[in-house]
Amino acid sequence: MGRVRFVDLPAQYRSIAAEIDDEIKSILTSARFIGGQPVRRFEESFADYQQVRFCVGVGNGTDALEIALDAVPIRCGGEIIVPANSFIASSEAVSRSGYRVVFADVNCQTYLMGREQAEAVLTEDTVAIMPVHLYGQPAPMEDLMALARERGIVVVEDAAQAHGAEYRQARVGGMGVVGTFSFYPGKNLGAYGDAGAIVTNDEELATRARMTANHGRSAKYHHRFEGRNSRMDSIQAAILSVKLRHLEDWTEHRRRIADRYLQGLADLDELTLPTVSSDVRHVYHLFVVRCPSRDRLRAWLSDRQIETGIHYPVALPDLEAYANSHPEAHTPVARRLAGEILSLPMNDQLSLSQVDFVTGAIREFFGKR
Ligand SMILES: *Cc1c(COP(=O)(O)O)cnc(C)c1O
């Protein structure tokens with residue numbers, strides 16, 4: 001079978017090399033490397049794709065969160081609720097933007113923060129909730145939006161792993177006041193370097209974010225306020241425009257792979273498969289299973305040349321970075337998950353026979369045929 005790769009960017013490149021090479025060459029010939037028409041064109045098509053009015057391309061997904069938080073009209077220094085099961089960028093952006101992170105636990109079936117978990121840590125000082133559509137599965141937005149409305153706070157969506165994901169037919173990113181995406185190479189839509197985007201239906205917020213990402217600039221050498229430099233490269237934008245044309249096919253392929261795993265592993269009592277709500281379109285950035293003997297299973301698969309990952313091995317409040325700053329954080333579900341979750345190979349180049357090979361190896365581990 002050969003090695004089963006967790007992600008396979010070389011194979012993906014081979015499948016679209018002619019289109020990509022043409023686009024890169026045209027940028028090199030024009031020598032316009034930052035902003036310009038390739039970035040505008042990508043922003044417009046990505047806004048269409050996510051069904052929002054505005055998209056602002058920025059340097060990466062972490063900057064997208066920071067700039068989005070900066071552009072949202074909320075009280076400085078307030079608390080923002082972040083799920084304990086996420087990548088550090090979610091909480092890092094909150095602290096860097098001058099807010100206080102409050103960690104919420106996650107649902108024990110979806111591994112996402114829902115209303116119950118957010119409400120448990122909500123205080124008078126809460127100014128925003130940051131649902132993370134982790135692994136490509138939308139958080140329960142209707143409940144979270146209702147909670148936010150009742151308490152007069154805003155919702156900022158971290159959609160870094162959820163390009164094209166839908167909650168009740170609505171694409172993620174446009175339900176809260178603002179949403180952010182990452183185009184880190186390994187994401188479902190990935191650049192050949194760093195890139196990110198902010199999406200919103202609020203024109204004023206979009207304008208503010210665009211200016212912030214370009215030194216607070218309104219026109220050349222006219223700076224309305226101090227911003228920062230986080231612009232999207234033209235080469236990355238051109239690459240993303242090519243890949244966006246393939247994204248629906250790739251996403252449908254990911255969903256077929258997920259179905260195949262779900263069928264092939266359904267009867268294993270020792271393995272917990274992803275729980276997917278019936279009202280969402282999960283885009284399977286990751287396919288995460290849970291098993292008490294996770295480390296042994298991982299070694300078993302590694303011995304058979306099957307690459308796996310752990311997302312994430314340490315719950316955010318348990319990271320060294322938060323060792324002394326969040327003693328109040330109580331997130332037992334996230335902590336327990338960290339020791340049991342395993343991400344199986346999942347990417348747009350994986351064949352169904354490779355999936356069957358992985359499934360067979362897992363069945364063998366549990367002594368099943
Ligand atoms: C990847 C990721 C980010 C950060 O994106 P970068 O482009 O790497 O800065 C933020 N949040 C989540 C959940 C992510 O997976």
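Colour the protein by secondary structure: this predicted model has 11 helices and 14 strands.

Along its principal axes the trace spans about 70 × 55 × 35 Å. The radius of gyration is 21 Å, which agrees with the value near 21 Å for a compact globule of 369 residues.

Of the 369 residues, 57% count as buried. Among the contacts with a separation of 6 or more, 72% are between residues 24 or more positions apart.

Select the charged side chains. There are 41 positive and 48 negative ones, and the centres of the two sets lie 4 Å apart.

Then select the aromatic residues. The structure holds 12 aromatic pairs. Zoom in on Trp-300 and Phe-365: how are their rings arranged? The ring centres are 5.7 Å apart and the planes stand at 65 degrees, so this pair is edge-to-face; the cut-off for that label is over 60 degrees.

Trp-300 belongs to helix H9 (residues 294–303) and Phe-365 to helix H11 (residues 352–365), so the pair ties together parts that are 65 residues apart in sequence. Are these two residues buried or partly exposed? Trp-300 is partly exposed, with a relative accessible area of 22%, while Phe-365 counts as buried at 16%. The limit for buried is under 20%.

For the last stop, select Phe-42, Phe-46, Tyr-49, Phe-181 and Phe-183, which form one aromatic cluster.

Note on methods: Residues numbered from 1 in each chain as written. Predicted model: local features only at pLDDT ≥ 70, side-chain atom pairs only at ≥ 80, totals over all residues. Heavy atoms only, no water. Helix = DSSP H or I, 4+ residues; strand = E, 2+ residues; numbered from the N terminus. Rg over C-alpha atoms; globule rule 2.2 N^0.38 Å. Buried < 20%, exposed > 50% of the residue type's maximum accessible area, 1.4 Å probe, protein only. Contact = heavy atoms within 4.5 Å. Lys, Arg positive; Asp, Glu negative; His and termini not counted. Charge placed at Lys NZ, Arg CZ, Asp CG, Glu CD. Phe/Tyr/Trp six-rings, centres within 6.5 Å; stacked < 30°, edge-to-face > 60°.
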